[in-house]
Amino acid sequence: MNPILFNIQHFSLHDGPGIRTVLFFKGCPLNCVWCHNPEGKSIKKTLSFLKERCVFCRRCESVCPKEVHSFQSGEHRIFRQNCIGCTKCTDACNYGALEMLGKEYTIDEILHDAKKDKAYYGNSGGITISGGEPFMQFEALITLLKALKENGYHVCIETSGYTDSERIREAAEFTDLFLYDYKESSNERHKKYTGAGQDNILNNLNVLDDVNAKVILRCPIIPSVNDYHKHFEKIARIANRHTSIQSLEFMPYHPLGISKANHIGEKYYYENNQFADASLVERFCRITQQKTSKAVTVSK
C-alpha cells in the first residue's frame with residue numbers, strides 16, 4: 001500500500017536532528033483546536049482555494065464534473081462536499097488559486113526524492129515521517145519504514161502517540177527516534193481540546209520504554225489552553241519516569257494554521273491569532289528544567 005502525502009519538505013532543520021526530508025502523511029484521529037496542519041486532518045484529498053489569486057476566469061467551473069465551483073454575485077463559491085478529488089479544476093487554474101492537497105506516492109518515488117537530499121544529511125540527518133498522524137496509514141507506514149531502513153536512512157516518526165500499542169511496537173523496530181507530542185496533562189482537558197483522552201498516549205510511552213526506543217517529548221505551548229504551572233510539573237514527572245525519553249522540546253504556538261483552515265473551508269476553533277509569548281515560554285522551560293535532569297529546549 002502506498003502512502004498519501006500532503007507535502008514533502010526538503011532541508012528541514014526543525015523536525016529531528018540534522019538536515020531532514022519531512023514526509024507529511026494525511027489523516028489524523030485527533031481534532032486539536034489549535035492544529036497547525038488542518039489540511040492533514042482528512043485522509044482524503046483536500047481542495048485548497050486562495051481567494052486573492054482568483055481572477056474569475058471560470059475555467060474551473062467549466063471542467064468540474066461535480067459542480068464544485070459556482071460564480072454568484074461576484075463571488076467564487078466552492079461546494080467541497082461535492083468534490084471527488086479529480087484535480088480537473090486545479091489543472092485548469094492558471095493562477096495558482098486552486099490546489100489539491102493529497103497525493104499517493106509509490107515507495108520508489110519517495111526513495112528517489114530522498115536520494116536527492118541524501119548528500120546533505122551528514123551523520124545526523126535523514127527522513128522524518130510526520131502528519132497528520134502517520135499511524136492512520138499504518139500499512140503504508142510500515143512498508144515505507146522498512147524500505148527506508150533497507151536503504152540506510154536515519155528515520156524519525158512524529159506522532160501524537162494516539163494509536164494501537166501493537167502498531168507502535170512494530171514501527172519501533174524500524175524507527176531511530178520518535179518525536180512524541182504531549183499536549184495536555186489533564187485527561188478531561190485533553191478530551192476537550194483534542195477530542196480524545198490520553199490513556200492510550202501514556203500507555204504507548206510504556207511500550208516505547210519496553211522496546212528501548214528513543215523519544216524526544218515535544219510539548220506544544222498553547223496560550224490559555226495548557227500554559228499553567230501544574231502541566232509543566234507533570235511533563236517533568238513523565239520525563240523522569242520514562243527511560244525512552246531522551247530530552248524535551250517545547251513548541252510555542254503559532255497562528256499559521258488559521259489561514260490554512262480558511263483555504264480549505266474549515267472553521268478554526270482556536271481564535272488566538274498571536275504567537276506564544278517568548279518570555280512565558282522561557283519561564284515554563286525553566287520550571288520544567290528545575291524538575292528533571294533531561295535537557296529542555298525550545299524549538300525555533
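Guide: Buried means under 20% relative accessible area, exposed means over 50%, and partly exposed lies in between, with a 1.4 Å probe and protein chains only. The model is predicted: local features need pLDDT of at least 70, side-chain atom pairs count only at pLDDT 80 or more, and totals for chains, interfaces and linings use all residues. Residues are numbered from 1 along each chain as its sequence is written, and side-chain values use heavy atoms, with hydrogens and water left out.

Visitor: Is Tyr153 buried or exposed?
Guide: Tyr153 sits in the loop between α4 and β9 (155–159); helices (H or I, at least four residues) and strands (E, at least two) are DSSP runs, numbered from the N terminus. Contact means heavy atoms within 4.5 Å. Leaving aside neighbours within four places in sequence, Tyr153 touches residues including Leu111, Ile127, Leu148 and Asp176. Its relative accessibility is 4%, so Tyr153 counts as buried.

Visitor: Which residue in β8 is the bridge partner of Arg20?
Guide: Strand β2 (residues 20–25) and strand β8 (residues 126–130) run parallel. Five bridges join them. The partner of Arg20 is Gly126.

Visitor: How many nonpolar, polar and charged residues has the contact of α3 with α4?
Guide: Ile107, Ile110 and Leu111 in α3 meet Thr143, Leu144, Ala147 and Leu148 in α4. Ala, Val, Leu, Ile, Met, Phe, Trp, Tyr, Cys and Pro count as nonpolar, Asp, Glu, Lys and Arg as charged, and the others, Gly among them, as polar. By class, the contact has six nonpolar, one polar and no charged residues.

Visitor: How far apart are the axes of α3 and α4?
Guide: Two packed helices are described by the angle between their axes and the distance between the axes. α3 and helix α4 (residues 138–150) pack at about 40 degrees. Their axes are apart by 10 Å.

Visitor: Which two residues does a cis peptide bond join?
Guide: Most peptide bonds are trans. Here omega is about 15 degrees. One of the two residues lies in the loop between β8 and α4. The cis bond joins Gly131 and Gly132.

Visitor: What is phi of Ser73?
Guide: Ser73 lies in the loop between β4 (69–72) and β5 (75–78). Ser73 is exposed, with a relative accessible area of 85%. Most residues other than glycine have a negative phi. Phi of Ser73 is positive, near 50 degrees.

Key
Pairing = 2+ DSSP bridges. Axes fitted to C-alpha atoms, helices over the stretch in contact; angles between N-to-C directions.
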